[in-house]
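Thanks for coming, everyone. Please have a look at the sequence and the model on the screen, and then we'll walk through it together.

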Amino acid sequence: MAQNRKQKTVSQRRRKAVRKVECTNCGATARVVRGSYDFAESGLKRVRLQGIELIVCDQCGNVDPIIPRVNDLMRLLAIAVIAKPYRLAGDEIRFLRKYLRMTGDEFGRLLHINRTNLSKWENDEDRVGAQSDRLVRAIALSLGDGLRGKLEEVIRKFPEIRDEPAAMRIDMDTEKMSYQYVEGA
Ligand SMILES: [Zn+2]
C-alpha cells in the first residue's frame with residue numbers, strides 16, 4: 001500500500017521540471033532524469049526503454065525507471081516479440097508463456113511437448129523448431145490479453161520470419177508507445 005502511494009506521487013509529479021524524489025533503495029534524495037533503460041525486469045535480455053524517466057541516486061548508485069502505463073507497455077512488448085522477424089529465443093518463449101500466466105506444464109500441454117523440453121527451449125539448451133515457433137506465436141496471439149486484434153496481421157507475416165536466430169534488440173518508445181527492432185544489438 002505504502003509502495004503504491006509512493007508510485008502514485010511520483011507519477012503525479014511527472015510534469016514538473018524540478019523534482020525531489022526519494023531513492024527506493026537508500027532513501028536519499030535522488031534526481032529524475034530522462035534516459036534509456038535496459039528493461040531486465042521484463043525477463044527479456046535485449047529490451048531497451050527509450051526516453052523514459054529515471055530516478056537516479058547519486059548516493060548509492062541505484063537507478064529506478066518510472067514506467068508509465070505498464071500494462072500497455074507489456075502488451076506492446078508482447079506484440080513486438082511475437083512479430084519479430086527471426087526465430088524466437090529462449091527468453092522470448094518464457095516471456096510469452098508468462099504473459100499468458102501459464103506454468104510450464106500448462107503451456108507444454110498446448111504445444112504437445114513435456115515440461116522438460118519446454119524448459120530446454122526457454123533456457124536455450126535446445127532450439128525451438130520452426131513450426132513450434134509459429135505455434136507459440138499463434139497461441140500467444142490468441143490467448144494473450146489484448147493481442148487478438150493483431151492475430152491476422154501478424155500471422156500473415158509468418159512467411160517473412162527467418163529461421164536463424166539473430167542478435168536483435170527491441171527498443172521501446174514509452175511516450176509514443178511504439179517499438180523498433182535494432183539489428184545486431
Ligand atoms: Zn540510493
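Let's start with a question. In the hairpin of β3 and β4, which residue takes a positive phi? It is Gly61, with a phi near 85 degrees. The hairpin has six residues between its strands. Keep in mind that this is a predicted model.

Now the overall picture. The chain has seven helices and six strands. From the N terminus, the order is α-β-β-β-β-α-α-α-α-α-α-β-β. The C-alpha trace spans about 50 × 30 × 30 Å along its principal axes. There are 185 residues, and 22% of them count as buried. Take the contacts with a separation of 6 or more: 59% of those join residues 24 or more positions apart.

Next, the strands around β3. Strand β2, residues 29–38, pairs with β3 in the antiparallel sense, over seven bridges. Strand β4, residues 63–66, also pairs with β3 in the antiparallel sense, over four bridges. There, Glu53 stands opposite Ile66 of β4. Then comes β5. β3 and β5 pair in the parallel sense, over four bridges.

In β3, Arg48 is the bridge partner of Asp38. In β5, the bridge partner of Arg48 is Asp171.

On to helix α2, residues 70–82. How far apart should the ends of α2 be? The helix has 13 residues, and at 1.5 Å a residue it should span 18 Å. Its end C-alpha atoms are 18 Å apart, so the two agree.

Which residues of α2 are buried? They are Leu77, Ala78, Ile79, Val81 and Ile82. Here is a general point about helices. An α-helix has 3.6 residues a turn, so residues three or four places apart point the same way. What covers the buried residues of α2? The cover includes β3 (47–56), α3 (90–99), α6 (130–143), α7 (151–155) and β5 (168–173).

The largest nonpolar core has 26 residues. Those with the most contacts inside it are Ala78, Ile82, Leu96 and Ala140. Helix α2 gives the most, with five residues. The core also draws at least three residues from each of domain 1 and domain 2.

Let's zoom in on Ala78. Leave aside its neighbours within four places in sequence. Ala78 is then in contact with Leu96, Tyr99, Ala140, Gly144 and Leu147.

Now the domains. The domain assignment gives domain 1, residues 2–66, and domain 2, residues 70–166. The contact between them takes five residues from domain 1 and six from domain 2. On the side of domain 1 that touches domain 2, two residues are nonpolar, two are polar and one is charged.

One last stop: Asp91, in helix α3. Why does Asp91 count as partly exposed? Because it has 18 C-beta neighbours inside 10 Å, and a buried residue needs 20 or more. Not counting residues up to four places away in sequence, Asp91 touches Gly43, Leu44 and Lys45. Asp91 and Trp121 are 30 residues apart in sequence. In space, their C-alpha atoms are 8.6 Å apart.

That's my tour. Thank you.

Conventions:
Residues are numbered from 1 along each chain as its sequence is written. This is a predicted model: local features need pLDDT of at least 70, side-chain atom pairs count only at pLDDT 80 or more; totals for chains, interfaces and linings use all residues. Helices (H or I, at least four residues) and strands (E, at least two) are DSSP runs, numbered from the N terminus. The expected span of a helix is 1.5 Å times one less than its number of residues. A residue is buried if 20 or more other C-beta atoms lie within 10 Å of its own, exposed if 12 or fewer, and partly exposed in between; C-beta atoms are placed from the backbone. Two residues are in contact if their C-beta atoms, placed from the backbone, lie within 7 Å. Two strands pair if DSSP finds at least two bridges between them. A nonpolar core is a set of buried Ala, Val, Leu, Ile, Met, Phe, Trp, Tyr and Cys residues joined through C-beta atoms within 7 Å. Domain bounds come from an automatic or database domain assignment. Ala, Val, Leu, Ile, Met, Phe, Trp, Tyr, Cys and Pro count as nonpolar, Asp, Glu, Lys and Arg as charged, and the others, Gly among them, as polar.
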